Amino acid sequence: MQADPNTSPAAANLAAIRAGIARAERDSGRRLGSVTLIAVSKTYPGHAILPVLEAGQRVFGENYVQEAAGKWPVLREAWPGIELHMIGPLQSNKAREAVALFDAIHSLDRPSLAAALSKEIARAGRSPRLFVQVNTGEEPQKGGVLPAGLAGFLAACRDEHGLTIEGLMCIPPADEPPSAHFAFLAKLAAEHGLTGLSMGMSADHEQAIMLGATHVRIGSAIFGARG
Ligand SMILES: *Cc1c(COP(=O)(O)O)cnc(C)c1O
């Protein structure tokens with residue numbers, strides 16, 4: 001069933017975002033469908049997510065383990081094929097719950113978290129796909145590995161913790177043009193032979209796609225401004 005875009009702003013927004021992603025894929029010579037849209041549903045209750053599910057969206061992003069654990073199990077029962085991505089900061093003591101709940105984690109950024117995830121992945125016998133967050137703007141308040149520490153951290157993930165890393169993620173500084181950060185993240189991923197690039201949000205995802213994003217994380221442009 002398709003939600004009626006005339007009665008659901010979120011479904012209409014989703015259709016417009018999908019069209020923009022397809023246009024950016026085409027304009028940058030990328031294969032159509034090569035970019036995964038993660039609909040960021042943090043702070044939105046289940047009933048606000050329903051029209052987006054009805055419109056066929058199945059990949060969602062959340063920032064808080066507790067919030068995601070509260071709302072997604074029931075939606076998952078009703079809607080098969082949902083893929084959940086953890087995109088917010090993750091505390092090591094939430095690693096067990098995160099491994100059980102999420103299909104991908106975009107915020108791996110320190111050895112203690114790598115160790116906790118490794119332990120829980122072994123225990124659970126299931127592994128979310130993993131992205132290492134890079135603090136490309138070197139902002140003190142922001143999560144992410146500093147660029148200078150990336151090579152060492154990737155080596156530790158692989159050699160000490162037995163983790164397979166799919167790609168890199170960044171959140172550019174709010175007050176800088178994001179393109180330079182996207183290009184930098186793409187360069188770092190290429191240097192390390194990583195194919196995944198999680199970058200681009202509501203305001204800048206078309207630029208991110210031009211610079212190689214494989215995953216864009218879009219919240220407010222679909223669901224409306226968060227309260
Ligand atoms: C909230 C959030 C997003 C979505 O931001 P919008 O501007 O609403 O599209 C993307 N990525 C991360 C890491 C976020 O925390």
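Analyst: The lining of the second largest pocket divides into four nonpolar, three polar and two charged residues. Here Ala, Val, Leu, Ile, Met, Phe, Trp, Tyr, Cys and Pro count as nonpolar, Asp, Glu, Lys and Arg as charged, and the others, Gly among them, as polar. The residues concerned are Arg18, Ile21, Ala22, Glu25, Gly33, Val35, Thr36, Leu37 and Gln57. This is a predicted model, in which local features need pLDDT of at least 70 and side-chain atom pairs count only at pLDDT 80 or more, while totals for chains, interfaces and linings use all residues. Residues are numbered from 1 along each chain as its sequence is written, and side-chain values use heavy atoms, with hydrogens and water left out.

A pocket is an open set of points on a 1 Å grid over the protein atoms alone, where a 1.4 Å probe fits, with protein on both sides within 12 Å along at least five of seven lines; lining residues have an atom within 4 Å of a point.

By secondary structure, α1 (9-27) and β1 (36-40) each supply at least two lining residues. Helix α1 gives the most, with four. Helices (H or I, at least four residues) and strands (E, at least two) are DSSP runs, numbered from the N terminus.

The volume of the second largest pocket is about 160 Å³. A volume is the space filled by probe spheres set on the points, which are joined across faces, edges and corners. For reference, the largest pocket holds about 350 Å³, and its lining divides into 11 nonpolar, five polar and five charged residues.
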